[in-house]
Amino acid sequence: MSIRKFFNTNSYEYCRRCGANLTMQNGYSNTLARWICKGCGEMLINPEIKTETDIVWICDNCDATLNIQEGFSEDSGEHICVNCGYINKLDSSEVFLTNDEYERFLCDPYRGLSNDSLIEIMQYEEVGFINDRQDIILVKKIDTDDLYVKKILSTYNIGVYKFLAENPVDCMPRIYGVYEGKAYLVVIEEYIKGDLLSEIIGNRTLGEKKAIDIARQLCVILNQLHSFDEPVIHRDVKPSNVIVNGDGKVYLLDFNAAKLFKEGEIEDTRLLGTFHYAAPEQLGYGWSASSVKADVYSLGVLLNVMVTGKLPKEKCISGPLGDVVVKCVNLNPEERYSVEEVLIALDKAGEYYGRN
């Protein structure tokens, strides 16, 4: 929702804020209900839109202009958007003088949360950003001083978060709160102290024995995820999602790309994952949606990077561990190991490197 602004309507049409020639901007048409000027970013409203109070009302769900819809009246107090069916409350407190104000409103991660959810979130005091990311925040519970992580997610599968909150997995962050607003999911989860694997291998590689140890621990975690009646696929096994604590214990982070496995799916609903680590089927290549074998692919890439510092296609590990990697990253999911088979193969490779 935004205060109405006008186009100039001569042979050319101009932005009332910065004077840019709108007619020359790619995609512009004076038949549009509104246009965001590419010169200054201001939202401009077509003067032919009739309003009762010089306010243009915009659907909170699909962003359609409500004023031009049949049956709309500001006096009604609410309007059902004919474009998407969403019931919009015509609240004068949600009228914005500038497009910047409106954009800040849309980006509020707590917009749409219930009072009960907000009260629960207020129990956690923000301490600082993690890795300078404003969507991952270190927080402290006010009454105990215990540390947690607050995540603000725009891309997520709420079903995964709710499932893992009720079915925690060893060596993955416990989930303590899941709160869904209009556009974001706010998650409170366990804070795990340690060093990211990406930092550990940032300037060096690991020996085969250490890499096997880390890979084995990851297999145990993934096996728990894959063993649920409805398996959970992590889909983002990579160095920056692995933490190693001072005792050498390995933790797997981040459920942002995770999904519940559905038998018979042809393609993932959302193509997520990290390039080079994501299996081909995660990126839309292949004959089916991603399965638990997608995590095996990522694990194989990770194992190779730990030892060589390179992707398998650039430089593959030699010896028995290289054979494990090659089978893990097979383009055909059916030809890859299962996680349990990776464990067996790693143990055999470990015996070889233990003798040499």
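This report walks through some strands, aromatic rings, cysteines and backbone angles of a predicted model.

Residues are numbered from 1 along each chain as its sequence is written, and side-chain values use heavy atoms, with hydrogens and water left out.

Let's begin with an open sheet of three strands, in the order 12-14-15 and with antiparallel pairing. Strands and helices here are DSSP runs numbered from the N terminus (E, at least two residues, for strands; H or I, at least four, for helices). Two strands count as paired if DSSP finds at least two bridges between them. The edges of the sheet are strand 12 (195-196) and strand 15 (250-252), each pairing on one side only. Strand 14 (residues 242-244) is joined to strand 15 by three antiparallel bridges, and in this pairing Val-242 stands opposite Leu-252 of strand 15.

Helix 5 (residues 208-226) packs on this sheet and touches strand 14 and strand 15; contact means heavy atoms within 4.5 Å. The direction of helix 5 makes about 45° with that of strand 15. Such angles run from 0 to 180 degrees between N-to-C directions, with axes as lines fitted to C-alpha atoms, for helices over the stretch in contact.

**The hairpin of strands 7 and 8**

Another antiparallel pairing links strand 7 (residues 124-130) with strand 8 (residues 133-141) over six bridges. Within it, Glu-126 has Val-139 of strand 8 as its bridge partner. The two strands form a hairpin with two residues between them. One backbone angle in the turn is worth a look: Asn-131 has a positive phi of about 55° although it is not a glycine. As a general rule, most residues other than glycine have a negative phi. Asn-131 counts as exposed at 55% relative accessibility; the cut-offs are under 20% relative accessible area for buried, over 50% for exposed and in between for partly exposed (1.4 Å probe, protein chains only).

Asp-135 belongs to strand 8 and is partly exposed, with a relative accessible area of 25%. Leaving aside neighbours within four places in sequence, Asp-135 is in contact with Lys-150, Lys-151 and Ile-152. Asp-135 and Lys-150 are 15 residues apart along the chain, and their C-alpha atoms are separated by 7.9 Å.

His-276 also has a positive phi, near 85°. His-276 sits in the loop between strand 16 (259-260) and helix 6 (293-308), and is partly exposed at 34% relative accessibility.

**Aromatic rings**

Across the whole structure there are five aromatic pairs. Rings of Phe, Tyr and Trp (its six-membered ring) pair if their centres lie within 6.5 Å; planes under 30 degrees apart are stacked, over 60 edge-to-face and the rest tilted. Two edge-to-face pairs are set out below.

| Pair | Centre to centre | Angle between planes |
|---|---|---|
| Tyr-28 and Trp-35 | 5.6 Å | 75° |
| Phe-163 and Phe-228 | 4.8 Å | 85° |

Tyr-28 is buried at 12% relative accessibility, and Trp-35 is buried at 11%. Phe-163 is partly exposed at 22%. Phe-163 lies in helix 3 (residues 158-166) and Phe-228 in the loop between helix 5 and strand 13 (232-233), so their pair ties together parts that are 65 residues apart in sequence.

Tyr-124, Tyr-148 and Tyr-176 form one aromatic cluster. Elsewhere, Lys-327 lies over the face of Tyr-337, at 5.5 Å from the ring centre; this requires NZ of Lys or CZ of Arg within 6 Å of the ring centre and within 35 degrees of the ring normal.

**Cysteines**

How many disulfides does a search of the whole structure find? The search finds zero, with a disulfide taken as a pair of cysteine sulfur atoms within 2.5 Å. The sulfur of Cys-171 is 13 Å from the closest cysteine sulfur, in Cys-219, and therefore too far for a bond. Cys-219 is in no disulfide either, and its nearest cysteine sulfur, that of Cys-328, is 7.6 Å away. Cys-171 is buried at 19% relative accessible area, and Cys-219 is buried at 0%.

Conventions:
Predicted model: local features only at pLDDT ≥ 70, side-chain atom pairs only at ≥ 80, totals over all residues.
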